[in-house]
Amino acid sequence: MASSTTAVITAVIDQLKTVFSSKVVTPDVESEYQAAVAVPWSQTCWTPAAGYVYLDNVQELTEALEIVKKTETKFTIRTTGHNPNTGFSSADETAIILDIRQLQAKELGSDGVARVGSGNTWGEVYAWLEEQKMSAIGGRDQQVGLGGFLLGGGMGALPNLYGLGADGVRNFEVLLADGRLVNANAKENADLYRALKGGGSNFGIVTRFDLETHPLINVQYTINLYNPEDHVEINKATVAVQNAMEKDPKIGLFTNFNNGFVAVGLLYGDIPAEQTAAFEPFYNLKSLMTTVLPSTSGTLLSLAQAMGHKQEAKKRAICTMTTKVSQELYEDVYKLWAEVCKTLPADAVLHYTIQPFGKAGVQAGKDRGDNIMGHESIPQCWWVFTCEWPQEGSDDAAAQKAVATMAESVESLASEKELLLDFKCMSFANAHQKVLRSYGADNVERMQETAAKYDPEGVFQKLQHGGFLLRDNI
Ligand SMILES: Cc1cc2nc3c(=O)[nH]c(=O)nc-3n(C[C@H](O)[C@H](O)[C@H](O)COP(=O)(O)OP(=O)(O)OC[C@H]3O[C@@H](n4cnc5c(N)ncnc54)[C@H](O)[C@@H]3O)c2cc1C
């Protein structure tokens, strides 16, 4: 780092320490600093920043943003750090992390809207809401934060029931670059409201999400492991359930092809008296190895708790693609995956998940004023390819190449068969993927106009360290 940059960042840290004292963590307090570096889910993001500022409330966040803006210091917003792209919820020694995990407010209005601070996790929000016999549409893993999930779209356990997480946001409270705290909803700043539903961190820092609630959603779920050698039947069953999802929006599913097993989540947004007939193609498979989660009558919270166990620290890379539903394509992807796995070092694991999203889910978004993601109204599969490898020993380039190869090859396979869709989900995308562009030219224009209107100086484009930003993602 150039000595002039070092001098500037040292001066900024001094300024932040004057205002926030011990809430600013720097390398001189070794143990606290190492803990701050190691917050993100993926070790690819354990890159030491110049400092970490732990902000307890919106007032403090406003002051911190003012300091970084005035000094033109690069910064990153972080909630739980679940995004594995280096620099998105992490930084380097030229930038600081504004950690908003402590924005923990929770208030249920008499209008039934849950007003929750953006530092909450889904586990925290579900638990609080369920005490009041209510539910909101959020993530499948209790540890994931609201911030990145809702700003990136947000695929829940039952995506066709009430749409994506972002679609369930009634109002965003947003800190703009000029220090104003504004609301964005269907009536107030409606352009910003729509842009935030999938448009990421391009426009401001969301300090509070006001969420649509529902009377407690009961969920019946089971997770089975199948033998991957039975891939033809597993893919056939996956497609059969996806087809059934078009008729019954209470059905949810994920199919994860992994190292030595295929994990299938069969989810239903109710407690039916009998086994859900739509899942029969899976019940009948002879390749069932074991049931890791027996049929449970639970809720979104208990499901998120079952799925959200703390995972071993590893480096991780992800990539995504969206296609139409096709058993033939799913088979091609399986074969491709089996080949790409052979190219990896022994300590790296490549796995992929088929995540269905259907017409009812798209419509639920439109009924709620539409989002910025430009989904086509057809049954679709949101693929996520994930490679995990240990910090020591394995080959970063090989792992990163594996996920890129999966995405590129699936793109060309699907394209040849006219099954490719433009959309790429921000939450599952690699930093190199043009997520914002995938929303379509009209939506890109909308986002550009919104960014120019609410952040005319381009603070969030110039000073944010990383992210799917309009500055380079269109
Ligand atoms: C184990 C696991 C399970 C997951 N399950 C699901 C799932 O079920 N469905 C799904 O759709 N996704 C899922 N994801 C993906 C997840 O939604 C994304 O990684 C998301 O970005 C996480 O958001 P975060 O706030 O927790 O993380 P962070 O990494 O802290 O934030 C992600 C990005 O959003 C920005 N950001 C965060 N908060 C704000 C804010 N308030 N204002 C402005 N910018 C902000 C950050 O700067 C960063 O660029 C999962 C990921 C993991 C690792």
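In the predicted model, 15 residue pairs are in polar contact across the interface of domain 2 and domain 3, both residues of each pair being at pLDDT 80 or more. On the side of domain 2 that touches domain 3, at least two residues each come from α4 (122-131), α5 (146-151), α6 (159-162), α7 (190-196) and α14 (441-454). Sorted by class, this side of domain 2 holds 16 nonpolar, 15 polar and eight charged residues.

Two salt bridges are found across the interface of domain 2 and domain 3. A salt bridge also joins the side chains of Glu212 and Arg368, with a distance of 2.9 Å from N to O.

To the contact between them, domain 2 contributes 39 residues and domain 3 contributes 43 residues. The size of an interface is often expressed as the accessible area that is lost when the parts come together. For domain 2 and domain 3, the buried area is about 3200 Å², of which 60% lies on carbon and sulfur atoms. Of the area that domain 2 buries against domain 3, 23% is supplied by Arg140, Leu158 and Asn160, more than by any other three residues.

Note on methods
Residues are numbered from 1 along each chain as its sequence is written. This is a predicted model: local features need pLDDT of at least 70, side-chain atom pairs count only at pLDDT 80 or more; totals for chains, interfaces and linings use all residues. Side-chain values use heavy atoms; hydrogens and water are left out. Contact means heavy atoms within 4.5 Å. Buried area is the accessible area (1.4 Å probe) that two parts lose on being put together, summed over both. A salt bridge is a side-chain nitrogen of Lys or Arg within 4 Å of a carboxyl oxygen of Asp or Glu. A polar contact is a pair of N or O atoms within 3.5 Å; within protein, one must be able to donate a hydrogen and the other to accept it, and residues adjacent in sequence count only if both atoms are side-chain atoms. Helices (H or I, at least four residues) and strands (E, at least two) are DSSP runs, numbered from the N terminus. Ala, Val, Leu, Ile, Met, Phe, Trp, Tyr, Cys and Pro count as nonpolar, Asp, Glu, Lys and Arg as charged, and the others, Gly among them, as polar.
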